[in-house]
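Please consider the following protein chain, shown with its sequence and three-dimensional model. The paragraphs below proceed from a pair of packed helices to individual helices and then to the chain as a whole.

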Amino acid sequence: MKKIQKWIKEGRGQGEGSQYKPWLTIQDVPSNGLATRLKGWTSNRYHHLMSNLERDYFYLLDFSESVADICEQYPLLPLDDTLIIAEKLGIKHPTDPKTDEPIVMTTDFLISINKSNIARSIKPSSELENDRVIEKLEIERRFWKERNIDWAIVTEHEIPGNIVRNVSWFHREYDNQDIFKFGATLVGNLEQLMLKHLRSEEPINKAAALCDDSLGLEPGTSLAFFRYMLARKNWLVDLAEPISPHHPINILQVVSDMKRSLA
């Protein structure tokens, strides 16, 4: 119980946007090599994701236009509420394996969409065959039902693989500050030249290499710029189709003029 009070005092599970602190961090759970910290576009902070499936779902949330905030590892507090639910269900409340004291349960994501919240638990479909997993999920479900917040389980079957792989490929370029260091004129020239080569159906990596050579840029600069434009949604493509640097791509729409926007 002292740990719970300490974490509450630290502000865990509290705040919004960049100020939110998850109840659990990747340092608090046993490492199995699947935990990840990712800088979020939506929140402008690092998110603590405990599995590959959570990471994949996070990519979808972070790219979505309708998502206003993403709070991962959200605590089900006060603790007494989940204890009462477990007692009513006649099941054992999750406890600390070392002390056997009740622990604060968490929901993987509390998401703000269109000024309302939804809660989502991320689980591999294979785990839904485990009776104990189902018991804990039922506590979660009832906790959120009492608060009139929509709650659901998301498995790998609800996560579109191509979109996740595409977003993960360009996600980290969102904060590429080198683009702004080039200045508006160079960036404008790079955008026009890159679009020209891409519309000529050159493979992405070849188009990027031609731009690097033409503009005297370090190798890889134009490819990073391409990924930046996708991350910033300045260039729109069909994300349901796999993106490969070795193949051409169809730019469906150019949303902004980078030269003007950087001027």
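Contact here means heavy atoms within 4.5 Å. Helices (H or I, at least four residues) and strands (E, at least two) are DSSP runs, numbered from the N terminus. The model is predicted: local features need pLDDT of at least 70, side-chain atom pairs count only at pLDDT 80 or more, and totals for chains, interfaces and linings use all residues. Residues are numbered from 1 along each chain as its sequence is written, and side-chain values use heavy atoms, with hydrogens and water left out.

Two packed helices are described by the angle between their axes and the distance between the axes. For helix α2 (residues 52-63) and helix α5 (residues 161-170), the axes come within 9 Å and cross at roughly 75°; axes are lines fitted to C-alpha atoms, for helices over the stretch in contact, with angles running from 0 to 180 degrees between N-to-C directions. The helices α2 and α5 are therefore roughly perpendicular to each other, a term that covers angles of 65 to 115 degrees. From α2, the residues D56, Y59, L60 and F63 meet I163, V164, V167, S168 and F170 of α5.

The expected span is 1.5 Å times one less than the number of residues. Just after α7, E201 takes a positive phi of about 65°.

Helix α8 (residues 204-215) has twelve residues, which should span 16 Å, and its end C-alpha atoms are 17 Å apart, which agrees. In α8, I204, A207, A208, C211 and D212 are buried. They cover an arc of only 140° around the axis, which puts them on the same side of α8; the arc is that of the directions from the helix axis to the C-beta atoms. These buried residues pack against α7 and α9 (221-231). On the other side of α8, D213 and S214 are exposed, that is, over 50% relative accessible area. Just after α8, G216 takes a positive phi of about 70°.

The chain contains ten helices and eight strands. Of its 263 residues, 46% count as buried.

Notes
Parallel < 35°, antiparallel > 145°, perpendicular 65-115°, else oblique. Buried < 20%, exposed > 50% of the residue type's maximum accessible area, 1.4 Å probe, protein only.
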